[in-house]
Amino acid sequence: MKNTHLSTANVSTPSHSLSEPHSLSVLTNETSQTKQRYGGIDLVRLLAMFLVVGRHSYFNGYYTAQITPTFLLPAFFLRICWTCIPLFLIITGYLQKNKTFSKRHYGGLIRIILEYLLCSLICLAYKSLYTNFSFVEGIESIFTFVAAPYSWYINMFIGLYVLIPFLNLLYNNIASKKLKIMFILLLVFVLSLPATITLAPNYWAVAYPIMYYYIGCFIRDFKPKINKWVIACILFSILILQLMLDILPLKGLLSFIIIDNQASIFCLITSVCLFLLIYDITIKNKKFSKFIQTLSSLSLSTFLLSWIFDQIIYDNFLNYSLIYTEKLPHLLYLVPTIFILSMALAFIVNKITDFIFWICGKFKNKISNKTNKKLNNIKDSL
């Protein structure tokens with residue numbers, strides 16, 4: 001087994017990993033008096049969760065061959081996997097567009113942080129089986145977001161989450177659809193273009209999560225009505241274009257074009273197409289809808305805990321000396337296996353989190369009742 005220390009050296013970093021936290025999985029339509037479930041959003045989140053696991057397979061001893069005509073199928077899958085984080089960020093904008101500065105909004109961070117802490121402790125427990133580190137080093141790794149090696153996303157998302165009410169103030173006060181379109185296009189120019197061509201000014205490129213967030217806000221606002229076949233054709237065309245840029249001799253002449261970046265225009269178009277294909281799907285079967293909702297709620301922990309199963313499975317089931325054609329058949333069942341095992345462990349973490357919240361709620365109510373009783377006694381004595 002590889003010697004993975006308390007660092008992110010072997011982990012894909014924010015060019016970038018993942019997901020919109022499960023704590024936002026119960027969705028409401030603010031324009032109606034009754035709560036309405038966005039089943040399509042749950043499906044998008046599930047897809048993004050699977051693509052996270054798929055993408056990490058390429059960073060665990062698998063994606064070593066250059067793109068060639070015989071490598072098209074896995075390369076096609078890789079291009080789709082790059083959309084995992086953009087999809088989560090678009091979901092965030094779609095769901096959080098109307099959030100305002102409030103205790104309720106910022107209270108949502110508590111569950112996110114609690115799940116992160118639980119997942120970090122589990123990852124540290126696994127690391128302790130083959131790596132020596134002190135108690136202080138373990139605590140430090142939690143605060144520096146390396147205890148769970150895929151937790152760079154939490155590091156990013158907390159910053160985005162605290163800014164959401166103010167991001168919404170800016171977006172919701174743009175007067176017209178035309179101006180909002182111009183605003184989105186300017187964000188693409190400033191944040192996505194530098195991630196696509198090396199010749200563009202790139203100082204602001206690292207702020208690309210804001211671009212995807214606002215795209216989600218825009219889709220929530222105007223719900224574009226585009227024929228699904230048209231979207232599918234655009235999606236297929238942009239994927240084919242990326243593969244052509246990979247394998248054609250023109251790649252040397254077009255070396256200033258960047259493909260492997262989550263902020264690139266290629267990934268942007270792919271992500272938006274995937275989202276538009278799925279987000280408005282309605283799940284009419286209540287039992288199936290509840291099942292999808294439950295799985296969707298596991299997204300954050302699944303993402304963080306999948307690292308453990310990446311280490312176990314890719315270290316023990318894949319021989320790194322194997323060539324690509326020998327590895328591919330194994331990946332067809334190893335990726336789903338890691339996905340399912342990660343969700344199973346995430347389910348346990350979510351139940352522990354629910355229990356902690358239940359205990360805290362009971363304790364809070366008990367303290368509140370005692371306080372109210374004392375106040376009533378004081379009023380009666382007066």
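How many helices and how many strands does the secondary structure of the chain come to? It comes to 14 helices and zero strands. Helices here are DSSP runs of H or I with at least four residues, strands are runs of E with at least two, and both are numbered from the N terminus.

Before you select anything, note that this is a predicted model: local features need pLDDT of at least 70, side-chain atom pairs count only at pLDDT 80 or more, and totals for chains, interfaces and linings use all residues. Residues are numbered from 1 along each chain as its sequence is written, and side-chain values use heavy atoms, with hydrogens and water left out.

**The whole chain**

Show the surface. Its accessible area is about 19500 Å², computed by the Shrake-Rupley method with a 1.4 Å probe, and for residues only the protein chains shown count as cover. Carbon and sulfur atoms hold 68% of that surface. Of the 382 residues in the chain, 48% are buried. Buried means under 20% relative accessible area, exposed means over 50%, and partly exposed lies in between (1.4 Å probe, protein chains only).

**Helix α3**

Select residues 84–96. This is helix α3, with 13 residues. From first C-alpha to last it reaches 18 Å, close to the 18 Å expected at 1.5 Å a residue. The expected span is 1.5 Å times one less than the number of residues. Is α3 enclosed or open? It is largely enclosed by the rest of the structure, because 13 of its 13 residues are buried.

**Arg 111**

Go to helix α4, residues 103–127, and pick Arg 111. Arg 111 counts as buried, at 16% relative accessibility.

**A nonpolar patch**

Select Phe 135, Val 136, Ile 139 and Phe 143. They form a nonpolar patch on the surface, with about 490 Å² of accessible area together. Like charges are joined within 9 Å, and nonpolar side chains (Val, Leu, Ile, Met, Phe, Trp, Tyr) within 5 Å. Ile 139 sits in helix α5, residues 135–143. It is partly exposed, at 33% relative accessibility. An α-helix has 3.6 residues a turn, so residues three or four places apart point the same way.

**Two positive phi angles**

Move to Phe 145, in the loop between α5 and α6 (152–172). Its phi is near 60°, a positive value in a residue other than glycine. Phe 145 is buried, at 17%. Next, find Lys 223 in the loop between α8 (208–222) and α9 (228–247). Its phi is also positive, about 40°, and it is not a glycine. Lys 223 is partly exposed, at 31%.

**Ser 264**

Select Ser 264, in the loop between α10 (250–253) and α11 (265–278). Is Ser 264 buried or exposed? It counts as buried, at 0% relative accessibility. Its side chain reaches the backbone oxygen of Asn 261 at 3.1 Å. Leaving out residues up to four places away in sequence, Ser 264 touches Ser 192, Ala 195, Thr 196, Tyr 212, Ile 258 and Ile 259. Contact means heavy atoms within 4.5 Å.

**Last stop: Tyr 314**

Pick Tyr 314 in helix α13, residues 299–317. Tyr 314 is buried, at 0%.

Methods:
Patches are made of residues with over 30% relative accessible area and no salt bridge: like charges are joined within 9 Å, nonpolar side chains (Val, Leu, Ile, Met, Phe, Trp, Tyr) within 5 Å. A salt bridge is a side-chain nitrogen of Lys or Arg within 4 Å of a carboxyl oxygen of Asp or Glu. A polar contact is a pair of N or O atoms within 3.5 Å; within protein, one must be able to donate a hydrogen and the other to accept it, and residues adjacent in sequence count only if both atoms are side-chain atoms.
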